[in-house]
Amino acid sequence: YLDFSVKQWYQRRVRGCFLNYEPCNMADRFGGIMIDNMRSRDCELPGILACPTLADQHTRFINAGFTSAKAIDMNEAMRLLPAEDIQRMIKLEFFDEQEILTQLLEHYCLAWGFQGNVNHISLST
């Protein structure tokens, strides 16, 4: 989790893009289990509940002064990759069921903010 003030500092000094990868959607049962699991290992995640949804991630960037922002969960990010890359990654991490991977990817996101005109930038393939 990146503190709001870090994003504001970056936004005031750098023109371009700021990309952030972090947990999200932690307010459901699966997210609660993930948080409890980390705490049981004495691993606190400060700020993990500060942006509970993708919309909150987007709003955080806009409030930090970025001119545009977007947040997607990792399921959506995976859909942007070529099918052969997805198959290769799935082989690296064995899951008994695809549903477990889908649930896990719902709880991590990519969020980014841009400075300036970014109408020409697209994530689609």
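Me: Okay, I'm taking buried to mean under 20% relative accessible area and exposed to mean over 50%, with partly exposed in between. What does F66 come out as, buried or exposed?

Reply: F66 is buried, because its relative accessible area is 3%, under the 20% cut-off. Keep in mind that this is a predicted model.

Me: Which element has the lowest mean, and which the highest?

Reply: Helix 1, residues 4-13, has the lowest mean pLDDT among the elements, at 65, while strand 2 has the highest, at 94. Where pLDDT is low, the predicted coordinates should not be read in detail.

Me: Are they buried or exposed?

Reply: F18 is buried, with a relative accessible area of 11%. F61 is buried too, at 0%.

Me: What about F18 with F66, how is that pair arranged?

Reply: F18 and F66 are also tilted, at 6.4 Å centre to centre and 50° between the planes. This pair again links distant parts of the chain, since F66 is in the loop between helix 3 and strand 2 (68-73), 48 residues away from F18 in strand 1.

Me: How far apart are the C-alpha atoms of F18 and F66?

Reply: Those C-alpha atoms are separated by 9.1 Å. Together, F18, F61 and F66 form one aromatic cluster.

Me: Nice. Switching to the sheet: how does strand 1 pair with strand 3?

Reply: Strands 1 and 3 run antiparallel to each other, over seven bridges. F18 takes part here, with G113 as its bridge partner in strand 3.

Me: And strand 2 with strand 3?

Reply: Strand 2 and strand 3 are antiparallel as well, over six bridges. There, I72 stands opposite L110 of strand 3.

Me: How covered is strand 3?

Reply: Mostly covered: of the seven residues in strand 3 (residues 108-114), five are buried.

Me: Helix 2 next. What span should it have, and what does the model give?

Reply: Helix 2 covers residues 29-40, and at 1.5 Å a residue its twelve residues should span 16 Å. Its end C-alpha atoms are 16 Å apart, which agrees.

Me: Which residues of helix 2 are buried?

Reply: G31, M34 and I35 are buried. Seen down the axis of helix 2, the buried residues fall within an arc of 95°, so they line one face of the helix.

Me: What do they pack against?

Reply: The buried residues of helix 2 pack against helix 6 (98-106) and strand 3. R29 and S40, on the other side of helix 2, are exposed.

Me: Last topic, backbone angles. What's phi for N25?

Reply: N25 has a phi near 55°, which is positive in a residue other than glycine. Most residues other than glycine have a negative phi. N25 lies in the loop between strand 1 and helix 2, and it counts as partly exposed because its relative accessibility is 23%.

Me: And D42?

Reply: D42 also has a positive phi, near 55°. D42 is in the loop between helix 2 and helix 3, and at 75% relative accessibility it counts as exposed.

How values were computed: Residues are numbered from 1 along each chain as its sequence is written. This is a predicted model: local features need pLDDT of at least 70, side-chain atom pairs count only at pLDDT 80 or more; totals for chains, interfaces and linings use all residues. Side-chain values use heavy atoms; hydrogens and water are left out. Buried means under 20% relative accessible area, exposed over 50%, partly exposed in between (1.4 Å probe, protein chains only). Rings of Phe, Tyr and Trp (its six-membered ring) pair if their centres lie within 6.5 Å; planes under 30 degrees apart count as stacked, over 60 as edge-to-face and the rest as tilted. Helices (H or I, at least four residues) and strands (E, at least two) are DSSP runs, numbered from the N terminus. Two strands pair if DSSP finds at least two bridges between them. pLDDT is the predictor's confidence in each residue, from 0 to 100. The expected span of a helix is 1.5 Å times one less than its number of residues. The arc is that of the directions from the helix axis to the C-beta atoms. Contact means heavy atoms within 4.5 Å.
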